[in-house]
Amino acid sequence: MRITSSLFMLAALCAVSALSCKEPTKVKHEPAAASVPEPATTPAGSAAHMASVSIEGKVAEKIDVNNYTYINVDTGTGKVWTAVPKADVAVGAPVVVENAMKMGNFHSPSLNRSFDEIYFGVLRGAPSPSMSAAAAGSAAAPAAVPTNISVAKAAGPNAYTVAEVVGQADKLNGKAVTIQAMVVKVNSGILDRNWVHLRDGSGSDADKTNDILVTSNETPKVGDVVIAKGKVVTNKDFGSGYSYKVMVEEGTFTPAPATATKK
């Protein structure tokens, strides 16, 4: 097994916090898309450079999901699970997974399987989505978002504004919520899921109560006003320096009525 230590910059991974939102850290839930863990701007408290490794060997097993390929690499002295942006590789083929970051206690929703240890990286020789892929996929999106968002609160017993979910996070932890808001940012295929940011005009940017992250298998469009439903989770740690004090998981989205947006 040859695992060569190296350093690589996560700046590109963190170009996604243009809307003052931070994306992952020690994934206890998997990535889903284009490159590696989400981000765009290095989240507070994380290092600008993280140690990475290269894993070399032969493909012992592979599993394709959405935008990722899981590869069990036989290094000659053992087998190591890795995940790379979707790649056409055959069992038995030699591979090198570069810039790989280890994630422990990782659960993949798409596989409904947990890994004690897995490395997310890029396959040598594959077209490089470079870790900016997630950011590139949504780079143009913010331009379509109004500067003054004003969306009415959803109806129903589990309905909350964005600011209420953020402010009452501890009380709502583990509970189902309904949020009517505008989609302001979408990062697709990261850790095998989509990362959707919502705003409804409540809260403030100063105390970060105006934006909520929802992870989902669905992909709403930036600028859409939606009714989002999901489960509140607090203190979510995705590893590699990315964590969230509050977010919503298992999100679903339906179009909100035209009257939801205040004039």
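Are Phe106 and Phe120 buried or exposed? Both are buried, that is, under 20% relative accessible area, with exposed over 50% and partly exposed in between (1.4 Å probe, protein chains only). The model is predicted: local features need pLDDT of at least 70, side-chain atom pairs count only at pLDDT 80 or more, and totals for chains, interfaces and linings use all residues. Residues are numbered from 1 along each chain as its sequence is written, and side-chain values use heavy atoms, leaving out hydrogens and water.

**View 1. Confidence along the chain.** Mean pLDDT (the predictor's confidence in each residue, from 0 to 100) is 76, and 71% of residues reach 70 or more. Helix H1 (residues 133-138) is lowest, at a mean of 34, and H2 is highest, at 97. Helices (H or I, at least four residues) and strands (E, at least two) are DSSP runs, numbered from the N terminus. Residues 128-143 stay under 50 in pLDDT. For them the model has 28 contacts (heavy atoms within 4.5 Å) beyond four places in sequence. Where pLDDT is low, the predicted coordinates should not be read in detail.

**View 2. The largest nonpolar core.** A nonpolar core is a set of buried Ala, Val, Leu, Ile, Met, Phe, Trp, Tyr and Cys residues joined through side-chain atoms within 4.5 Å. The largest has 21 residues, and Val165, Ile179, Leu198 and Ile212 have the most contacts inside it. Elements giving two or more residues to this core include helix H2 (162-167), helix H3 (169-172) and strand E7 (176-190). E7 gives the most, with five residues.

**View 3. Around Val165.** Leaving aside neighbours within four places in sequence, Val165 is in contact with Tyr160, Leu172, Ile179, Ile212, Val232 and Val246.

**View 4. Trp81 and Phe115.** The structure holds six aromatic pairs. Rings of Phe, Tyr and Trp (its six-membered ring) pair if their centres lie within 6.5 Å; planes under 30 degrees apart count as stacked, over 60 as edge-to-face and the rest as tilted. Trp81 and Phe115 are edge-to-face, 5.5 Å centre to centre with 65 degrees between the planes. Trp81 lies in strand E4 (residues 79-85) and Phe115 in strand E6 (residues 113-123), so the pair ties together parts 34 residues apart in sequence. Relative accessibility is 11% for Trp81 and 4% for Phe115.

**View 5. Phe106 and Phe120.** The ring centres of Phe106 and Phe120 are 5.0 Å apart and the planes are at 70 degrees, so this pair is edge-to-face. Phe106 lies in strand E5 (residues 94-108) and Phe120 in strand E6. Tyr68, Tyr70, Trp81, Phe106, Phe115 and Phe120 form one aromatic cluster.
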